[in-house]
Amino acid sequence: MNDAVLVVGAGPTGLSAAHGVASVGRRVVLVEKQDTLGGAPILSGYAKLVPSGEWAKDAIGRMVKRVEDSPLVEIHKGARVTKLGGDAGNFNATLSNGKTVSAGAVILGTGFTHFDAINKPEWGFGTYADVVTTTQVEQMVGAGKIACPSDGRTPERVCILLCVGSRDRQIGREWCSKICCTVSTNLAMEIKELSPETDVYIYYMDIRTFGLYEDKFYWKSQEEFKTKFVKARIAEVTMAPDGKRLLVKGEDTLVKRPIVIPFDLVVHAIGMDPNEDNPEIAKVFGVGLEKHGFIDRDEQYTSTFSSTRRGIYVGGAALAPEDIDTCISHGLAMAMRAVGEMAASRHQRAA
Amino acid sequence: MPIHEKTLIDPQLLVQSDKLVVDGIDVSGHWNTMILPRTMTEYDPDFYETIQAFPGGENVHRCWQCGSCTNSCTMYAINTDFNPRYWIYLINLGYKSELVKDKDIIWQCVSCNKCTNICPKDVRPEGVMKALAHWLEAEGHTPKSRSTLFDEEFTRQCIERGRIEDTEVMFNFFRQTGQNLGAMLKGGWLRLLIERMNNVHLLRQGKIGKFVARLPLVQGFKMGWAMVFKPRTRSWGRTGEVLREYVEEQKRAAHAGIGSPTH
């Protein structure tokens, strides 16, 4: 029986799980494939987080520091698990850096991959410099300047297209990515703060700012920051004859008329894909994937956060599109599951 | 080819010409009917502020298009072209030309306020309908409404004299709204009103003494006197002037930056 817990992935989920396990005095081995801890919020350079409004580097930075400062957490950066043997209570993992790890339980906080907007070519990403993703705008906000990549001008008019890589059977993304509506309304406000003269339009099918995000983000962006919401699924983005502005074509569903509106900057609210490494993760850890390619889970009510393999837990955006706050809760819940299960088997042995 | 969704075709966009040459090819005759594109190519993101400047329109920007107003609307039940939800959307995106197309029905709102009661975002659509009607009026798209003309006459007398003379208000109102006073005195509600106020039924019953005794002679005399001499309320002085200035000031403040004449 091994008392350590192997945590894979050092994003909000993994960091929270690692802290949780360490907080009850158990050893943690944290493995992160990148050279930096923090996961998507840090690696992709998110600006202010929803809903706290704190800068990602501060908020997630504290989570990283807490784990780095813990004497019970052994961290392997730039490393992957290449092999996992053994069973629940007694796993043996081999890392890509040659080290081997023994662990009683495994927690997968392997997260997601941003949808690559190039897979919707009709919306111009990859064709026109001024078509960008929400992640890029996050980085602009982080840098304190909203500008068109083509020539650096401040956009007079920006549109955000929702559901890019979400709710789209055509490209096999049948899920709602859950957070893009809130992220987009938040970005609309941040754009307006940095550039008060810029008008921001959001093209939507529905607005899904769930829970408390409704009035704090959706209503606020509309009522206090003049964000305009247009019900239209855009058909295509092309270049205007002036070679400068982009033409956004679609149908305004509510007036039943075609629209061709010029914009300076078009933003894709990209969704959350299953982690592109999931096929490999499934093979290495022997866990199943659900039909969309996210990691599958066992019965949820009494075997919470279990993957399809005993002793391996999965949570956060590895399960499905998820917001950061929920990922953090999942991490802590998985820590509870892992140490609880190990304690139970120790009692059994003692009896 | 048959035209589907005919309702979407705006008659103003149908163009017919006796002789039509397209790209050097004569297509006169059978092919001479063309439909101009109905594509929208611009927004006016600040237009909603114009509507907000009219009383009642303050919350128009809150709308999220749930359609509760239209579903609860008394007028919509009679005429499905009466669609507050749609007009609020047009206001928020600044589709002015589309709004003007409905100028002849927007004023029909009966102010039952069911929309305002049901609205989950507190847009107060009834107020928006009023603001919109007033904007159409201010821009000259619709003639002044009868209630506006009445208010104007009423206010004019108040400000000039510190009091109103009912008969004069009514006479001027009838004149400004083009109602034929002679015809109304001959028949209709005005004749009925005067007859009943003066107990004409007593005359018809042959009770001439009673009729004469009850004739409001003093009031009649006062009415005539006021019509001719237009007395002002005591010590009215410069009050009217001050009031007028104040009202103008308030109007200017409320419609600052609109650039259109207010009523």
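In this predicted model, 26 residues of chain B are in contact with 26 residues of chain A, contact meaning heavy atoms within 4.5 Å. Local features need pLDDT of at least 70 and side-chain atom pairs count only at pLDDT 80 or more, whereas totals for chains, interfaces and linings use all residues; side-chain values use heavy atoms, with hydrogens and water left out.

The size of an interface is often given as the accessible area lost when the parts come together. Between chain B and chain A, about 2,400 Å² is buried, 50% of it on carbon and sulfur atoms; this buried area is the accessible area (1.4 Å probe) that two parts lose on being put together, summed over both. Chain B and chain A are joined by 5 salt bridges, each defined as a side-chain nitrogen of Lys or Arg within 4 Å of a carboxyl oxygen of Asp or Glu. A salt bridge links A:Lys226 to B:Glu49, with an N to O distance of 2.6 Å.

On the side of chain B that touches chain A, at least two residues come from each of helix H1 (47–52), helix H4 (84–93) and helix H5 (96–101); helices are DSSP runs (H or I, at least four residues), numbered from the N terminus. The most is given by H4(B), with 6 residues. By class, this side has 13 nonpolar, 5 polar and 8 charged residues. Here Ala, Val, Leu, Ile, Met, Phe, Trp, Tyr, Cys and Pro count as nonpolar, Asp, Glu, Lys and Arg as charged, and the others, Gly among them, as polar.

Turning to chain A itself, the domain assignment gives domain 1 (5–111 + 275–350) and domain 2 (117–271), with bounds from an automatic or database assignment. Their contact takes 14 residues from domain 1 and 18 residues from domain 2. The C-alpha centres of the two domains lie 33 Å apart. Together the domains bury about 1,300 Å², 61% of it on carbon and sulfur atoms. The count between them is 2 salt bridges. A:Lys291 and A:Glu174 form a salt bridge, their closest N and O atoms being 3.8 Å apart.

Note on methods:
Residues are numbered from 1 along each chain as its sequence is written. Chains are lettered from A and ligands numbered from 1 in the order in which they are written.
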